[in-house]
Amino acid sequence: MISNEARLLLDYLEAQLYDVKTNQDIPTSLANDEGFLQLDKTIKIIRASVVELGNGNLSYQINGKGYVLGSLKSLQASLRNLTWKTKAIAAGDFSQSVHCLGDFSDSFNSMTKKLEVSIHEIKEIQEHFKMIFDTIPDMTIISNIEDGTVIAYNQAFLETMKFTKEELENKTILITDYCNDLGEHAKFIERLKKDSFIKNAEMNFHGKSDQIITGLVSSRIIKIKGAPHTLSVIRDITELKAIEKKLRESEELHRLLADNAADVIWTMGLDGKFTYVSPSVEKLRGYTVAEVLAQSPEEVLCPSSLIHLQKGLENAIRLIQNNLPFKVFRGELEQPCKNGTTVWTEATVSGIYSEDGRFIGMLGVTRDISDRKIMEEEIVRLSVTDKLTQSYNRLKLDETMDEQLKLAKIATVPFSILILDIDHFKRVNDNYGHQVGDRVLVELVAILQKHVRSDDVVGRWGGEEFLIILPNTDLEGGVGLAEKLQKLVGANIFTRAGRVTISIGVAAYQGDLSQESIVSRADSALYLAKKNGRNRVEYLK
Amino acid sequence: MEKKYEFSWDLLGDIEAGRPNMGNTTRVEIYRLMQFTFRDIIEKHVGWEKTNEIFYDAGQLAGKEFYLHMLEKTDNLNAFINQLQDVLKELGMGILRIEEADMEKGELTLTISEDLDCSGLPETGYEICTYDEGFISALLESFAGIPFIVKEIDCWCTGDRTCRFSAKAKNEGNQSEK
Ligand SMILES: [Zn+2]
C-alpha cells in the first residue's frame with residue numbers, strides 16, 4: 001500500500017512517460033516544491049528532446065543539465081556531426097569517416113569508400129569519354145532534339161566550323177544556326193525520331209564564314225537527364241565533294257569531247273584490243289562502237305596497214321619492257337568499212353601513263369583522210385595528165401617508157417610504141433577554128449582510150465601527135481592495133497570537123513638502150529606513112 | 001611587471017633524451033592535477049573571472065604553437081579538420097567532431113568528447129574548459145587568418161556528456177568595439 005499522495009505522483013510521472021498528451025496537473029502538494037519543479041522541468045525537456053530527436057529534428061535546442069540530457073546532447077551532437085560529414089562527402093570530400101556510432105560507423109565508412117571508388121571510376125570514365133569525344137577527328141555534337149540546343153561539341157567541330165573555343169564559350173548555340181536548309185534538318189529530325197538512328201545522311205552546313213560545309217551525318221538518339229538528345233558524328237566531305245565534282249566535270253568534258261569529235265578517239269591495250277572507241281567511228285566505218293570493240297586487228301585494218309599495227313605493238317612492248325618512253329606513232333592506214341569499201345585514215349598514237357608513271361595503254365586519234373587522199377591522187381593525176389585531152393602528158397609517157405625499157409631487158413615479150421599524128425590538122429584549125437581543132441583532139445583521145453587494152457598507156461606527145469605504149473606487145477601486135485585504130489578514127493564523124501584521118505608509126509623494142517632510139521624508129525615510120533600518102537600505118541623492118 | 005620566461009616549443013625540452021625509460025606519456029590525473037591546482041591557486045590570487053582569462057590566453061598560446069608544430073598548412077577546411085581530428089585523437093586530447101561549419105559566415109559548432117580537461121569531472125554547474133576555448137580559437141585563427149571567439153556552451157561539468165563549443169569569427173565591428 002502506498003499513500004494517496006504517492007499515487008498521485010506516480011500517475012503524474014506515468015503520464016509524462018507513457019501518454020501522448022500530458023494534461024495531468026502537478027500534484028498540489030508538490031506544486032510549490034523547488035526540487036520537484038526542477039525535476040519536472042528536466043523530465044519535460046527529456047520528453048521534448050526525445051520526441052524531437054525521434055522526429056528527426058536535429059536543430060532542437062536541448063537546454064538543461066544532467067546525465068541523461070547530456071547523453072541526449074551527445075547523441076544529437078553525433079547526428080549533427082554525421083549530417084556535416086555527409087554534406088562534406090556529398091561535396092566530394094571522401095576523407096570523412098565516422099567512429100562514434102558503433103556498427104553504423106563501419107557501414108557508413110564502407111559506403112563512403114564505395115562511393116569514392118564509384119565516383120572515381122565515373123570520373124575516369126567521364127575523362128576517357130571526354131578525351132575520346134574531343135579527339136574524334138570528325139565533328140561530334142550532342143544537341144537537344146526538341147530545341148536544337150548544342151550541349152557538347154568537340155575540337156573537330158570548332159576547327160571545321162572555324163570557331164575559336166572562346167567564341168562559343170558560355171554561349172547558347174543552336175544546331176539550326178548552322179544548318180543550311182532548315183527544312184532538310186526538320187525532315188532529318190523527323191526521320192531520326194522514327195528510326196532512332198540515321199547513318200551517313202548528307203547535309204549542308206555553314207560555320208563562321210558562309211562557306212558551305214557538306215557533311216555525312218550519322219546520328220543516334222540518347223537520353224540525357226531524361227530528355228532525348230541527338231549524338232551526331234559529322235564527317236566533313238566538302239573537299240571530297242569538290243574533288244568529285246571536278247573529276248566528274250573533267251570526265252564529262254573528256255567524254256563530251258571524245259563523243260562529239262569528228263575524229264575517232266580510242267584507247268587500246270598492248271594486246272591490240274580496243275578498250276574505248278568514240279561513237280564517231282560509226283560515221284567513219286559504218287560499224288557501231290560495240291562492233292568495233294569486238295573486232296580483231298585483222299578486221300580493223302586492211303592487210304597493207306595491218307603490218308603497221310603489228311610493228312607498232314612490237315615496238316611498244318619492247319620499249320615498255322625496257323622502261324623506255326612510248327614513241328608517238330603517226331601513220332596513214334587503210335581501214336575496211338561495213339559497206340565493203342575502205343577508208344583512208346591517219347592515226348596518231350601516244351602512250352597513257354598512270355599518275356605514278358606506269359604505262360597503262362595507248363591513246364589514239366584516227367582522222368578520216370579520204371578527202372586528202374583524193375586530193376593527193378588528183379594532184380598526182382594532174383601532174384601526168386594533159387590538160388586539154390585528159391590523156392597522159394609527156395611526163396607520164398617518159399616515165400612509162402623508162403619502166404618498159406627496164407622491164408624489156410628481162411622480159412621475153414617486148415613492148416611496142418605507136419606514134420600517131422592527125423593528117424592535115426592545120427586545115428582543121430584553119431577551116432573551123434582552134435576550138436573545133438581542140439574538140440577533134442579530145443574526141444580522138446576518147447576513141448583511142450576506148451579501144452586500147454587496159455594496160456596500154458595513151459599520151460599526148462605534143463601538138464596533134466600522140467604516143468601509145470603497149471606493154472607485152474611485139475611489132476606484129478603493135479601494127480595490128482595501129483591498123484585497127486587507124487580504121488576506127490577514119491570511120492568516125494568528128495564534131496563539126498567531120499572526117500579526120502591519122503597516120504601511125506610503129507616500133508617494137510629491139511634491145512634499145514634509150515627512149516630516144518625506139519622513139520626515133522617510130523618517128524621514122526610515121527614519116528614514112530606521111531610520105532606514102534597518109535591515113536596509113538608504117539613500121540621499119 | 002617582471003617577466004623571465006617566454007614560451008617556445010623548444011623549451012618543452014628533449015623528451016626522448018630526458019625520459020628514455022618513462023617515455024612520452026603520463027596519466028590524465030597528473031595533467032588534471034596540475035591544471036586544477038593551478039586554477040585553485042590562481043583564483044585565490046586574481047579571482048574567477050581573471051583566472052578564466054588567463055587560461056583562455058594560455059590556451060591560445062598553446063593552440064598557436066600547436067598549429068605551427070603539429071599540423072601541416074592547408075587552405076581546405078575539411079583537410080584541416082581531418083588532420084586536427086587525427087592529431088587530437090592520436091595525442092589523446094579528445095575526439096573532435098564538427099556539427100556545423102560555415103566559413104563564409106565564420107560560424108562553427110564543434111564538440112570534443114572524452115576531453116582531456118573535463119570529461120568525467122563531477123558536475124560543478126559552470127563551464128570550466130576555458131583553456132580549450134583559447135586553444136580552439138588559436139587553431140581556427142591560424143587556419144583562417146582571422147581571429148575567432150570561442151565559447152563553450154555545453155560542458156561535462158554542467159552535466160553534459162560532451163563539450164560543445166561555438167566559434168564565431170571576430171568581425172571588424174566587434175574588433176572596433178574592443
Ligand atoms: Zn568542458
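Leaving aside neighbours within four places in sequence, Thr162(B) is in contact with Ser74(A), Thr111(B), Ile112(B), Ser113(B), Asp154(B), Cys155(B) and Trp156(B). Contact here means heavy atoms within 4.5 Å.

Before going on, what you are looking at is a predicted model, where local features need pLDDT of at least 70 and side-chain atom pairs count only at pLDDT 80 or more, while totals for chains, interfaces and linings use all residues. Residues are numbered from 1 along each chain as its sequence is written, chains are lettered from A and ligands numbered from 1 in the order in which they are written, and side-chain values use heavy atoms, with hydrogens and water left out.

Back to Thr162(B). It is found in the loop between β3 (148–154) and β4 (163–169) of chain B. Is Thr162(B) buried or exposed? Thr162(B) is buried, with a relative accessible area of 1%. For the cut-offs, buried is under 20% relative accessible area, exposed is over 50%, and partly exposed is in between, with a 1.4 Å probe and protein chains only.

The side chain of Thr162(B) has two polar contacts to mention. One joins it to the side chain of Ser113(B) at 3.2 Å. In the other, a polar atom of the Thr162(B) side chain lies 3.3 Å from the backbone oxygen of Ile112(B). A polar contact is a pair of N or O atoms within 3.5 Å; within protein, one must be able to donate a hydrogen and the other to accept it, and residues adjacent in sequence count only if both atoms are side-chain atoms.

The contact takes 20 residues from chain A and 18 residues from chain B. In chain A, Lys65(A), Lys73(A) and Trp84(A) lose the most area to chain B, together 33% of what that side buries. The area buried between the two chains is about 1,700 Å², and carbon and sulfur atoms give 44% of it. Buried area is the accessible area, with a 1.4 Å probe, that two parts lose on being put together, summed over both.

How many salt bridges does the rule find across the interface of chain A and chain B? It finds two. One of them is between Arg80(A) and Glu99(B), with the closest N and O atoms 2.9 Å apart. The rule asks for a side-chain nitrogen of Lys or Arg within 4 Å of a carboxyl oxygen of Asp or Glu. Between the chains there are also six residue pairs in polar contact, both residues at pLDDT 80 or more.

Next, the chains themselves. Chain B has five helices and four strands, and from the N terminus on its elements run α-α-α-β-β-α-β-β-α. Of its 178 residues, 42% count as buried. Chain A has 18 helices and 17 strands, and 38% of its 541 residues count as buried.

One helix of chain A is worth a slide. In α15 (residues 425–432), Phe425(A), Val428(A) and Asn429(A) are buried. Seen down the axis of α15(A), its buried residues fall within an arc of 95°, so they line one face of the helix. That arc is taken from the directions from the helix axis to the C-beta atoms. The buried residues of α15(A) pack against β11 (416–422) and α16 (434–451) of chain A. On the face turned away from the buried side are the exposed residues Lys426(A), Arg427(A), Asp430(A) and Asn431(A). After α15(A) comes Gly433(A), with a positive phi near 95°.

Last, two backbone angles. Most residues other than glycine have a negative phi. Lys225(A), not a glycine, has a positive phi of about 50°. Lys225(A) is found in the loop between β4 (212–224) and β5 (227–236) of chain A, and at 86% relative accessibility it counts as exposed. Glu114(B) also has a positive phi, near 50°. Glu114(B) is in the loop between β2 (107–113) and α4 (130–144) of chain B, and Glu114(B) is exposed, with a relative accessible area of 59%.

Definitions and conventions:
Helix = DSSP H or I, 4+ residues; strand = E, 2+ residues; numbered from the N terminus.
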